[in-house]
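Subject: Structure for your review

Dear colleague,

Please find the structure below, handed over for your study.

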Amino acid sequence: MRQICVVGVGYVGLITAAGFADLGNRVIALDISEKKIEGLKKGDMPIYEPGLEELVERNVKSGRLTFTTSYTEGLKGTEYVFIAVGTPSGVDGEADLQYVEAAARSVAENMSDELVIINKSTVPVGTGDWVAGIVKRHQKAAIPFSVVSCPEFLREGSAIFDFQNPHRTVLGSLDREAADKVAQLHLPLRAPIVITDLRTAEMIKYASNAFLATKISFINEIANICEALGADVTEVATGMGYDERIGHHFLSAGLGYGGSCFPKDVLALAHMAEEKGKHPQLLHAVMDINADRRPMAVERVKEMLGGDVKGKTIGMLGLAFKPNTDDMRDAPSIDIAKALIAAGAHVRGYDPVSMGVAAPLMPDVKMYDDPYSMAEGCDALMINTEWNEFKQLNRRQLQESMNQPVIFDGRNIYDPAEMKDLNFIYRGLGRGYNGAHTAEA
Ligand code: UDX
């Protein structure tokens, strides 16, 4: 049985820890937060992720997964330590590495055996070398160690599935033997393993996220053009996606990307490029298009309500940045609610899981326990997050209780033709065609 220590029990750390324990390793998950560790020992998860509680519980019961706040305890007898701490955006968009630095330092000060230090956090290209320097400087004795970059590609909401079914494992190191050792840990996952140098592995993560963000901004730009030309972006995306070089994924037009990764990573990549005198024009276009989605949504609702939202009541269906998570980091709903309130609207909110997290972030938004009571007396509803439960809402019931049947669908979950039949005043995004054939001479 291999022994692994995972530093950080956030999204990435906790899933990595529980995932490797489930593969039969002995894993000690370490965090400096007493509160989080005490909670985990009692079975309280610090984050919401479908299936996580069961996975943790199963592996704690089997004795393969334990928790600690002590580096001496975490590193005793350990061959591998994963660093999976947060790397928030600094003031200029550069990644803030203070937590990585603190973790590397503590590992150095407390290691007693030969160690492979594996970096999972998304860090600027060159950080692996920097971490190696920190460890070297803070070691109490010259114990051999290697640094390997192993970027994570987990999506919130399906992180456990993604851990167990990766598309690939990327490993970067200047020490091939260490990379091979980490590859061994990943073999049961049966995914292709790309072994490269440290900086290239770090770059693969940024390039992957920037590419996905580019796909989203691309389709959002196409959505704008579809609206102007009378085409339907959802069908355009379907038609494009059958080309295997394009693929169907990440072509849903909507309110743009949010969350903890894409906004931060695209910005950080642009920042790294600019520091070296490069002009990442495409990355800036991607960010600009994304930033425009939120004010555009507010404008749409205004238009639908006759040009003004002053005194109007608007209900937001969905607050989280995407479904199956309670994560509100950079969620479009925050900016949208702010702008609507600033324009004089009364804003209400409902989300199946994120309301507890959302409420303090939007104190002027009145939260409701269910979508139907929220809709009562609303002048408009807007769909911010494509939760499955919204797809099945009883729209007649909504309509009867609303002041007027106006729905702005920021995620294109409904069929415009059906909404027309139901007598809704309905608009999605990029659906210029709107279900009606018009023959122009
Ligand atoms: C992302 C990456 O997918 C993952 O590999 C990486 O490790 C972390 O960042 P995550 O932030 O959990 O994961 O969310 P993801 O499902 O990728 O969606 C990101 C954002 O893009 C969401 O705001 C989502 O609403 C938006 N999106 C996604 C679209 O607007 N359209 C799409 O077609 C796909």
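Predicted model: local features only at pLDDT ≥ 70, side-chain atom pairs only at ≥ 80, totals over all residues.

Residues are numbered from 1 along each chain as its sequence is written, and side-chain values use heavy atoms, with hydrogens and water left out.

Ala-210 belongs to helix α9. Helices are DSSP runs of H or I with at least four residues, numbered from the N terminus. At 6% relative accessibility, Ala-210 counts as buried; the term buried means under 20% relative accessible area, computed with a 1.4 Å probe on protein chains only. Between Ala-210 and Met-287 there are 77 residues in sequence, but 9.9 Å in space, C-alpha to C-alpha.

**Helix α11**

The 14 residues of α11 reach 20 Å from first C-alpha to last, close to the 20 Å expected at 1.5 Å a residue; the expected span is 1.5 Å times one less than the number of residues. Is this helix enclosed or open? Because eleven of its 14 residues are buried, α11 is largely enclosed by the rest of the structure. Among these buried residues are Phe-262, Val-266, Leu-269 and Met-272. The buried residues of α11 pack against α9 and α12 (281-304). Just after α11, Gly-277 has a positive phi of about 80 degrees.

**Gly-254**

The loop between α10 (233-241) and α11 holds Gly-254. With a relative accessibility of 2%, Gly-254 counts as buried. Apart from residues up to four places away in sequence, Gly-254 touches Asn-220, Arg-293, Gly-410, Arg-411 and Leu-429. Gly-254 and Gly-430 lie 8.6 Å apart in space, C-alpha to C-alpha, although 176 residues apart in sequence.

**The two domains**

The protein chain is divided into domain 1 (3-196) and domain 2 (233-440), with bounds that come from an automatic or database domain assignment. Their C-alpha centres are 34 Å apart. The contact takes 16 residues from domain 1 and 16 residues from domain 2.

**A pocket and a cavity**

Rolling a probe the size of a water molecule over the atoms shows where empty space is left. On a 1 Å grid over the protein atoms alone, a cavity is a set of points where a 1.4 Å probe fits but cannot get out, and a pocket is an open set with protein on both sides within 12 Å along at least five of seven lines; lining residues have an atom within 4 Å of a point. Grid points are joined across faces, edges and corners, and a volume is the space filled by probe spheres set on the points.

The second largest pocket holds about 270 Å³ of space. Which helix gives the largest share of its lining? Helix α11 (residues 262-275) does, with five residues. Each of domain 1 and domain 2 supplies at least three residues to this lining.

One cavity of 30 Å³ or more was counted. The largest cavity contains about 50 Å³ of space, and its lining includes Asn-119, Ser-149 and Tyr-206. Helix α9 (residues 198-229) provides the largest share of that lining, four residues.

Yours sincerely

How values were computed. Helix = DSSP H or I, 4+ residues; strand = E, 2+ residues; numbered from the N terminus. Buried < 20%, exposed > 50% of the residue type's maximum accessible area, 1.4 Å probe, protein only. Contact = heavy atoms within 4.5 Å.
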